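Hi,

Here is the structure I said I would pass on.

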Amino acid sequence: MNRGFAFHGAVLGAFCLGFGAVLALTNRLTEADIATRANEDRQASLGQVIPASLHDNDLLGDTLSIPAGDGRELTIYRALRHGAVTGVAYEVSATGYAGKIRMMLGVGADGRVLGVRVLAHKETPGLGDKIEVKKSDWIERFAGLALGDPPADKWAVKKDGGQFDQFTGATITPRGVVTAIRDGLAFFSEHQAKLTEVR
Amino acid sequence: MADNYGTIARDGLWDNNGVLVMLLGMCPTMAMTNTATNGLGMGLATAVVMAASSLLVAAFRRWITQEVRIPVYILIVASMVTLVDLAMNAWMHELYKVLGLFIPLIVSNCLPLARLEAFAAREPVLPALADGLFMGIGFTLALTAIGAVREVLGSGTLFADAALLLGPAFKFMELRLLPEHMGILMMILPPGGFLVTGLLVVAKRMVDVRAGKPIQMAGAHSAG
């Protein structure tokens, strides 16, 4: 086996080409289905934070883009009934114990929380994962709250003098979530006119 | 030939088990065994990738030259992983939501690579397929066992969420053996993975000693 490196390069290149083609083909075959699944997922998470009775439009079809504080564009999903905006939903993210916690926040036209759900997180199983609705009803207690209700200094976990329970052995996770929801509501009140304006 | 397949099966499942004897693929073993269901899912996905890549390497073994074999193996394993990832995302989406994060981890598992180098590269297609499959099943069994021990001690449940992985018909597998507050949290955190894996390695050797088998040293011909 004493062939030049050009030969070995050609062998490796041929394999790369072959498997590259197989992957490209698979991508073509699965692309449409994967996009459909991603849409269904988004629809499902929106459905959990905006009650079906509040809208008669397609939530995914009626979106706004607003620059968020950190320079990125935030996609706002709007719920309309009889042509009037009844609520909006958008992603907020919290800083947890182990990285970002992504959440979907639904806010009614009156500025009250319709619902919050965690989309993805890497918190410690058994401690920080009680923010999932599957593990605990903690996250459901935010429904109906607004920026001034409870008052601003109560928008914190009990350890910080607020009104929300922390978890045994985990304070950083709920603290991050509470802060993120409060900031999400502040974002709503800041952009309320634009968010609820009928186009 | 039948004897040959028997040896392949016994090697993969017990005698030369990827996790308990060769101590390969420790990354997914630690990361994915906090529940029995996670271990099972990770193991099954790995078994599919191992069987497919062993088959391909054996089929192409005449064209894979010695000098470029390692990049070609990695290419084949990575392609199979991507293929499984895309196909599951598109057509087994519920399962993908459970396992999706961990499928790319299979690329970093050195067990497939070790088996390609040690076995598939020098054997015909069918034995290579059998080796990949049985090594994968052995890996699955080890991960499920580690996951089961950690889950029972850590959360008090066994096979929680099995219905998500295997379908609603398997709801009966989801057991609660201890009340939730009795769980030892450490067992579902990384240290529990090391502890339980170590204890199971010892347990496996004790069984072998009792059966009068010689102790096999770890990974002599296939350090990965």
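Predicted model: local features only at pLDDT ≥ 70, side-chain atom pairs only at ≥ 80, totals over all residues.

Where does Pro150(A) lie? Pro150(A) sits in the loop between E5 and helix H2 (172-196) of chain A; helices (H or I, at least four residues) and strands (E, at least two) are DSSP runs, numbered from the N terminus.

Residues are numbered from 1 along each chain as its sequence is written, and chains are lettered from A and ligands numbered from 1 in the order in which they are written.

Now to strand E4 of chain A (residues 99-108). Seven of its ten residues are buried, so E4(A) is largely enclosed by the rest of the structure. For the cut-offs, buried is 20 or more other C-beta atoms within 10 Å of the residue's own, exposed is 12 or fewer, and partly exposed is in between, with C-beta atoms placed from the backbone. E4(A) runs antiparallel to strand E3 (residues 84-96) of chain A, with ten bridges joining them; strands pair if DSSP finds at least two bridges between them. These two strands form a hairpin with two residues between them, and Gly96(A) has Gly99(A) as its bridge partner.

E4(A) also runs antiparallel to strand E5 (residues 113-120) of chain A, through six bridges. Val107(A) stands opposite Val113(A) there. This hairpin has four residues between its strands, and Gly111(A) in the turn has a positive phi of about 85°.

Two other residues have a positive phi without being glycine. His82(A), with phi near 50°, is in the loop between strand E2 (73-81) and E3 of chain A, and counts as exposed because it has 7 C-beta neighbours inside 10 Å. Leu23(B) also has phi near 50°; Leu23(B) is in the loop between helix H1 (2-15) and helix H2 (26-31) of chain B and is partly exposed, with 18 other C-beta atoms within 10 Å.

In chain B, look at Val84(B) in helix H4 (residues 69-91). Val84(B) counts as buried because it has 21 C-beta neighbours inside 10 Å. Leaving aside neighbours within four places in sequence, Val84(B) is in contact (C-beta atoms, placed from the backbone, within 7 Å) with Ala45(B), Val48(B), Val49(B) and Ile103(B).

Cheers

Methods: Contact = placed C-beta atoms within 7 Å.
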